[in-house]
Amino acid sequence: MPEPMLRVSDVHTYYGDSHVLHGVSLGVAPGEVVAILGRNGMGKTTLIRSVVGFTPPRRGRVHFRGEDITPWAPFRRIERGMALVPQGRRVFASLSVRENLDVARGGAGRWDLERVYGLFPRLRERAPNRANKLSGGEQQMLAIGRSLMSNPALLLMDEPTEGLAPLLVREVGRVIGELKREGLSILLVEQNLPMAAAVADRVHVLSRGEIVYSGTPAALMADETVKSRYLGVA
């Protein structure tokens, strides 16, 4: 078995005295898309924050590309090859599209300005415009494109379809599928079950800070009890 790109082992994360993650363990193999599903407030974003180092776990370990990065600051994790597409997009509002992409440039690899524009032709059209003048869908494209400019080995995506119209949800799914074919490892936090099931190799369902289900997308889609109890899907 090859070394996982990411391995999270028995992670317990707190906000103050509030115990949010209760012994979460999972892995992401090279070139694999792993989806984390669950209702709001179940710990999905906290898991992403624990992996990238914004809210380090008090117990447990995080290994990335064969190294124990648990004590590392977020910037070191990014330098090592992580990239984050944050919930809410968080683009630099006062910078142009081109400037948002340029500021994230770094690392040797296949992703540069032209390749990002190839993936998102709309960004080329909007390159001189300030990010705060973009639509929500365009801002999401920019957030993904910006993360790719660092040529990551692992992409962390936190609710990339949140607030998007169905057509744009399909576009995000298309992009994730293309990145998967490129061999990029992706940890995807998502509430849109059909989109996540379409792109993921494996899925985990998080409830109250614990993984309550792990399996293939097909098995989850066939499990009406899990979908109803933990995802609110009738």
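Reader: Over which ring does the charged end of Arg115 sit?

Author: First, the general test: a charge sits over a ring if NZ of Lys or CZ of Arg is within 6 Å of the ring centre and within 35 degrees of the ring normal. Here, the charged end of Arg115 sits over the ring of Trp111, 4.2 Å from its centre. Arg76 lies over the face of Trp72, at 3.9 Å from the ring centre. This is a predicted model: local features need pLDDT of at least 70, side-chain atom pairs count only at pLDDT 80 or more, and totals for chains, interfaces and linings use all residues. Residues are numbered from 1 along each chain as its sequence is written, and side-chain values use heavy atoms, with hydrogens and water left out.

Reader: In what order do the four strands of the open sheet lie?

Author: Strands of a sheet pair through backbone hydrogen bonds, either parallel or antiparallel. Strands are DSSP runs of E, at least two residues, and helices are runs of H or I, at least four; both are numbered from the N terminus. Two strands pair if DSSP finds at least two bridges between them. In this model the order is β2-β1-β4-β5, with antiparallel pairing. The edge strands, β2 (18-28) and β5 (67-68), each pair on one side only.

Reader: How many bridges link β1 and β4?

Author: Five bridges join β1 (residues 6-15) to β4 (residues 59-64), in the antiparallel sense. Val8 has Val62 of β4 as its bridge partner. His12 stands opposite Arg59 in β4.

Reader: What joins β4 to β5?

Author: Two bridges do, and the strands run antiparallel. His63 has Asp68 of β5 as its bridge partner. The hairpin of β4 and β5 has two residues between the strands, and Arg65 there takes a positive phi near 55 degrees.

Reader: Why does the span of helix α6 agree with its number of residues?

Author: The expected span of a helix is 1.5 Å times one less than its number of residues. Helix α6 (residues 136-148) has 13 residues, so it should span 18 Å; its end C-alpha atoms are 19 Å apart, which agrees.

Reader: How many residues of α6 are buried?

Author: Buried means under 20% relative accessible area, exposed over 50%, and partly exposed in between (1.4 Å probe, protein chains only). Twelve of the 13 residues of α6 are buried. Among them are Met141, Leu142 and Ile144. The buried residues of α6 pack against several elements, including α3 (97-103), β7 (154-158) and α7 (166-181). Contact here means heavy atoms within 4.5 Å.
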